[in-house]
Amino acid sequence: MQALEHDERPWGCYDVLLDTDFTKVKLITVAPHQRLSYQSHKFRKEAWTCVNGTLTVIVDDVEHTVIPGETIQIPQGSKHRAWNKTNHKINFIEVQTGDYFGEDDIIRIQDDYER
């Protein structure tokens, strides 16, 4: 499957696999020892399914470990981040549902890259 969109980020990259009126699906790759910003969204909730590696996920200040085949729910408005504490790339699938899926619906609370 060819990605609809590919974007490089300081922490890794993502590929948009599906983009409709009711959902957006991404394959997210997190580089070793990198993490996404601690963030929230006004218009969407997300489900993250780990497909490779051991992913650390923070949801509303609580740390979770997610292994391949496991899914964690990110409620709309919750603070969250994905963190790769390992020496290997980690991949997870992000399924977004809600009213709006634009990248400008990211409210950054803390960011290692000062964005």
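Is Arg-115 buried, exposed or partly exposed? Arg-115 counts as partly exposed because its relative accessibility is 38% (buried means under 20% relative accessible area, exposed over 50%, partly exposed in between, with a 1.4 Å probe and protein chains only). The model is predicted: local features need pLDDT of at least 70, side-chain atom pairs count only at pLDDT 80 or more, and totals for chains, interfaces and linings use all residues. Residues are numbered from 1 along each chain as its sequence is written, and side-chain values use heavy atoms, with hydrogens and water left out.

**Salt bridges**

- The structure holds nine salt bridges (a side-chain nitrogen of Lys or Arg within 4 Å of a carboxyl oxygen of Asp or Glu).
- Arg-115 pairs with Asp-111 in one of them, at 2.8 Å from N to O.
- Asp-111 counts as buried because its relative accessibility is 12%.
- Between Asp-7 and Arg-9, the closest N and O atoms of the salt bridge are 2.9 Å apart.
- Asp-7 has 24% relative accessibility and so counts as partly exposed.

**A link between distant parts of the chain**

- Lys-85 and Glu-63 form a salt bridge through their side chains, at 3.2 Å from N to O.
- This pair links distant parts of the chain, 22 residues apart: Lys-85 lies in the loop between β9 and β10, and Glu-63 in strand β7 (residues 62-66). Strands (E, at least two residues) and helices (H or I, at least four) are DSSP runs, numbered from the N terminus.
- Lys-85 counts as partly exposed because its relative accessibility is 40%.
- Glu-63, with 45% relative accessibility, therefore also counts as partly exposed.

**Cavity**

- A search of the whole structure finds one cavity of 30 Å³ or more. On a 1 Å grid over the protein atoms alone, a cavity is a set of points where a 1.4 Å probe fits but cannot get out, and lining residues have an atom within 4 Å of a point.
- The volume of the largest cavity is about 180 Å³, taken as the space filled by probe spheres set on the points, with grid points joined across faces, edges and corners.
- The lining has 21 residues, and those closest to the cavity centre are Trp-11, Leu-36, Gln-39, Glu-103 and Ile-106.
- Two or more lining residues come from each of β3 (23-30), β5 (44-52), β9 (80-83) and β10 (90-98).
- By class, the lining has nine charged, seven nonpolar and five polar residues (Ala, Val, Leu, Ile, Met, Phe, Trp, Tyr, Cys and Pro count as nonpolar, Asp, Glu, Lys and Arg as charged, and the others, Gly among them, as polar).

Methods
On a 1 Å grid over the protein atoms alone, a cavity is a set of points where a 1.4 Å probe fits but cannot get out, and a pocket is an open set with protein on both sides within 12 Å along at least five of seven lines; lining residues have an atom within 4 Å of a point.
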